[in-house]
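Please read the points alongside the coordinates.

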Amino acid sequence: MSLVETLPASQRDILLKVDNISLSFGGVKAITNISFDIRVGEIRAIIGPNGAGKTSMLNVINGFYHPQEGTITFEGVPRPRMRPHHAATHGVARTFQNIALFRGMSTLDNIMTGRGTLMKRNLLWQALWTGPAEREEIEHREAVEKIIDFLEIQHIRKTPVGRLPYGLQKRVELGRALAAEPRLLLLDEPMAGMNREEKEDMSRFILDVNSQFGTTIALIEHDMGVVMDLSDRVVVLDYGKKIGDGTPDEVRANQDVIDAYLGVPHE
Amino acid sequence: MLYREAGDFKTSYRADQQTFPIRSERILFWAFIVAAFAVVPFFINDYWEKSVLIPFLVWSMAALGLNILVGYCGQVSLGTGGFMAVGAYAAYKLMTAFPEMNILLVIVLSGGVTAVVGMAFGLPSLRIKGFYLAVATLAAQFFLVWVFNKFPWFYNYSASGQITAPERLLFGVPVTGPNSPPWATYLVALTVVFVFAWIGKNLTRGRIGRQWMAIRDMDIAAEIIGVEPLRAKISAFAVSSFYIGIAGAMYFTIWFGAVEPTEAFGINQSFRALFMVIIGGLGSILGSFLGAGFLVLLPVLLKNLMVGQLGWATDIASHFEIMIVGALIIFFLIVEPHGLAQLWRLTKEKLRLWPFPH
Amino acid sequence: MSPDFLYFIETVLNGLMSGVMYSLVALGFVLIFKASGIFNFAQGVMALFAALTLVGLLTGQVPFAHLIHAIFGVEAQHWGAGMPALLAVIGTMVVMIALAFLIERIVLKHLVNQEPIILFMATIGLAYFLEGLGDLMWGSDVKALDIGVPSGGSFWWEDVTREWAAEGSDYFGMYIDKLDVTAAIVAAVLVVALSVFSQYTRMGRALRAVADDHQAALSVGISLRTIWVIVWSIAGFVALVAGIMWGSKSGVQFSLSLIALKALPVLILGGFTSIPGAIVGGLIIGVGEKLAELYIGPLVGGAIENWFAYVVALVFLLYRPQGLFGDKIIERI
């Protein structure tokens with residue numbers, strides 16, 4: 001075990017820092033003045049009732065939305081007005097709430113696409129294929145096959161993803177995100193719509209990704225049992241505001257959080 | 001000749017990702033290619049060359065290019081005719097400005113010129129999508145044809161406004177102009193199409209092809225996992241226009257020899273190429289060929305049947321032809337939106353299991 | 001007023017008039033797109049088909065005469081007598097409704113839930129089919145269409161405007177075609193009628209519901225198929241009106257179907273779902289085109305009306321991708 005992993009989450013280095021972020025869509029405030037951080041190697045959960053701004057928060061982190069106020073600092077570098085593909089090349093990968101796989105492509109091709117940020121051969125080499133482009137392709141194919149083994153989806157390697165059942169699609173999506181070898185992995189409701197068994201599988205994969213590859217994970221999830229078991233620290237949002245932040249136990253004891261979840265009327 | 005994959009095991013990733021993973025398919029493919037290169041030239045005559053084979057090859061090239069853009073990258077374009085015109089006029093200007101230049105180089109350079117033009121007209125695709133983009137590409141179509149009509153520099157100030165291909169030799173044999181033997185033009189077209197079909201396959205099976213398809217299937221997700229939309233879309237426009245430009249250059253140099261922009265490169269050509277891609281199969285190299293073959297052969301067959309056999313007037317035959325093409329488009333979209341290539345794939349699936357389908 | 005300024009006004013007026021004609025065609029696109037999400041490329045050919053049928057009925061042509069001659073050797077071009085104008089218009093409308101019905105039955109029914117782009121390409125196929133069918137039924141020669149729509153220059157207006165010019169200048173008055181004025185009035189009436197229809201009738205409400213959300217409309221018991229037949233019939237009616245106006249103006253011939261291409265930039269400008277957008281877009285394109293021809297045309301050698309509208313629309317789109325009347329697009333994931 002490395003030194004980093006033995007430290008409690010709150011004392012590790014900060015990987016990503018969210019500072020006073022506000023985001024609105026034409027007058028509708030989605031996020032108001034939120035700050036929190038994600039530390040190296042931890043599993044950070046973002047929870048909150050529907051419409052709390054969780055997905056918007058992820059969208060801000062990987063540059064899909066640009067907040068009107070506040071800064072995002074990733075690995076010590078502020079990243080203003082970053083485009084999503086820049087986030088991807090700098091080591092932020094993610095999955096989506098509603099599956100966003102490339103439906104016309106096979107499982108293998110989907111995961112290989114996730115690998116695209118690490119492949120370097122240009123158009124001319126690709127056109128020639130034989131030689132460097134093919135060697136590069138095979139090299140990355142080997143890495144992708146490891147992910148396929150890891151996620152136990154060997155049998156659907158060549159199946160078009162559109163034909164796969166929901167649970168497997170979620171798994172392929174995780175694979176596609178892992179293929180980029182991210183330092184920060186954003187998971188948007190990785191277990192939504194799954195049955196108990198599938199949830200257990202997915203939890204196992206998430207824990208394994210975290211411990212085997214050392215990947216830092218930020219996840220949104222509604223199943224409180226899963227969240228409390230998996231995560232090192234939890235941030236709670238409600239109506240676009242942060243109402244709680246801390247270890248699962250701290251959050252569970254927080255009166256504001258209890259109110260939000262039990263539905264105390266807003267003033 | 002059995003179509004079997006049993007016993008055909010793959011021991012390396014290289015073997016696993018080849019174009020024809022099944023041995024009998026490989027044999028069939030190479031037999032076909034050998035026949036096309038070594039047998040057909042001995043039997044070809046003027047009629048087959050000008051009415052069937054050259055049109056097939058030239059349109060295959062155009063369909064390949066359009067398929068890269070529409071079928072792989074998901075950007076619908078109605079500007080094919082205009083881009084073919086760019087290829088043709090680039091070839092003309094190159095041939096007349098540099099009489100010594102090798103004709104193959106002329107054709108490839110014409111593709112290069114078209115690629116640059118295509119990239120420029122592809123820029124709007126970064127902001128607009130779907131139908132809006134399709135309509136925007138019509139701007140390219142009308143604008144380009146207008147340019148070639150309006151500015152005499154492009155047709156070297158010739159009185160008729162036409163461009164005519166001067167005679168050029170390849171290995172001592174004329175391949176453009178009226179004196180070129182059918183087998184020579186056929187072999188030139190076949191070689192060009194063969195090479196670029198292979199390149200097309202390479203591009204679509206590697207990283208760039210996957211990025212195109214990612215943009216096609218879900219552009220937002222593609223960007224978030226690291227596909228840069230600018231590069232992916234513009235490279236698709238560039239490669240696609242490159243192919244279409246080559247098709248235009250061949251259309252002019254080795255097929256017609258003389259063209260005039262309004263008729264030869266009008267919007268109907270844009271639709272024609274699009275139909276080939278739809279009928280053949282979106283997102284399939286093979287489909288581009290099947291679609292081109294189908295739409296080239298159909299009028300020939302209909303004409304032979306209605307004018308030759310039944311003795312009808314040619315205008316009735318051509319009206320029927322439009323109707324049948326239109327009806328077929330609809331038929332294919334209803335029955336098999338993935339076109340002839342998908343039918344071929346399904347047949348192969350069946351063949352693999354035959355005679356024990358369960 | 002100086003003649004130059006009067007020329008300018010004349011150009012603008014004529015631009016507005018031709019803009020109305022574009023709007024007429026664009027209207028048909030918008031109707032179908034709103035109700036079914038289909039970008040109906042065949043709208044222009046439908047106008048041609050309607051006009052051909054109308055002329056055929058008016059002059060008493062025998063449909064498929066050439067084909068019958070070719071197959072059976074029977075020479076029969078005309079019934080001998082045509083129909084009165086009103087009856088012919090009604091007859092054509094019946095044909096257009098039948099066409100809408102057949103399109104739904106044979107094409108659309110099988111393409112429910114396909115991607116929009118597939119439907120779009122199907123309508124291109126439909127355009128080809130109808131074009132071939134129209135030519136086969138009624139012949140491909142250029143035909144004159146006259147159902148008594150007033151046409152020709154207005155002398156009254158010429159006289160009025162000549163007075164405006166400065167004393168002694170050789171200005172001969174403005175030319176305005178009565179046909180264009182009629183078309184403008186017809187278009188205005190059509191727009192009002194369609195708005196009233198979609199706002200105040202039960203059917204109109206159902207149409208708007210379908211436009212909003214197919215699934216939701218289905219779940220409250222609106223029959224999608226009936227709606228589609230109705231929408232395509234209305235689009236057929238709009239096509240007929242456009243066909244009459246354009247046919248009276250420049251004869252019924254193949255080029256009539258190309259007015260669809262003119263309507264596309266209008267749609268881009270106005271947005272695919274907005275009826276006011278179609279009108280305003282049409283007017284902008286009409287005026288822009290005429291002014292460009294007058295002031296820019298001579299600089300680059302003329303004949304720019306083929307692409308000018310597209311370039312205007314394209315530049316506009318780059319600046320504002322949602323069109324004139326569209327809401328700002330918020331992308332979600």
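1. In chain A of this predicted model, four strands make up an open sheet with antiparallel pairing, and their order is β2-β1-β4-β5. At its edges stand β2 (28-39) and β5 (77-78) of chain A, each of which pairs on one side only.

2. Within this sheet, β1 (residues 14-25) and β4 (residues 69-74) of chain A are joined by five bridges in the antiparallel sense. The position opposite A:Ser22 is taken by A:Glu69 in β4(A). Helix α2 (residues 54-61) of chain A packs on the sheet and touches β1, β2 and β4 of chain A. The direction of α2 makes about 115 degrees with that of β1(A).

3. A second open sheet in chain A has six strands in the order β6-β7-β8-β3-β9-β10, and its pairing is mixed. The edges are formed by β6 (92-94) and β10 (241-246) of chain A; each has a single partner strand, so one side of each lacks a neighbour in the sheet. On average, and with direction ignored, neighbouring strands of this sheet are turned by 20 degrees against each other.

4. The parallel sense is represented by β3 (residues 43-47) and β9 (residues 233-238) of chain A, which pair over four bridges. Here A:Ile47 stands opposite A:Val236 in β9(A).

5. Two helices of chain A lie across strands of the six-stranded sheet. Helix α8 (residues 196-212) of chain A lies across β3, β7 and β8 (216-220) of chain A, with an angle of about 155 degrees to β8(A).

6. How do α7 and α8 of chain C pack, and at what angle? Helix α7 (residues 178-200) and helix α8 (residues 202-212) of chain C pack at about 85 degrees, and their axes are 5 Å apart. Angles of 65 to 115 degrees count as roughly perpendicular, and α7(C) and α8(C) are therefore roughly perpendicular to each other.

7. Which residues form this contact in chain C? From α7(C) come C:Phe197, C:Ser198, C:Gln199 and C:Tyr200. These meet C:Arg202, C:Met203, C:Gly204, C:Arg205, C:Leu207 and C:Arg208 in α8(C). By class, the residues of the contact of α7(C) with α8(C) comprise four nonpolar, three polar and three charged.

Methods: Residues are numbered from 1 along each chain as its sequence is written. Chains are lettered from A and ligands numbered from 1 in the order in which they are written. This is a predicted model: local features need pLDDT of at least 70, side-chain atom pairs count only at pLDDT 80 or more; totals for chains, interfaces and linings use all residues. Side-chain values use heavy atoms; hydrogens and water are left out. Two strands pair if DSSP finds at least two bridges between them. Contact means heavy atoms within 4.5 Å. Axes are lines fitted to C-alpha atoms, for helices over the stretch in contact, and angles run from 0 to 180 degrees between N-to-C directions. Angles under 35 degrees count as roughly parallel, over 145 as roughly antiparallel, 65 to 115 as roughly perpendicular and the rest as oblique. Ala, Val, Leu, Ile, Met, Phe, Trp, Tyr, Cys and Pro count as nonpolar, Asp, Glu, Lys and Arg as charged, and the others, Gly among them, as polar.
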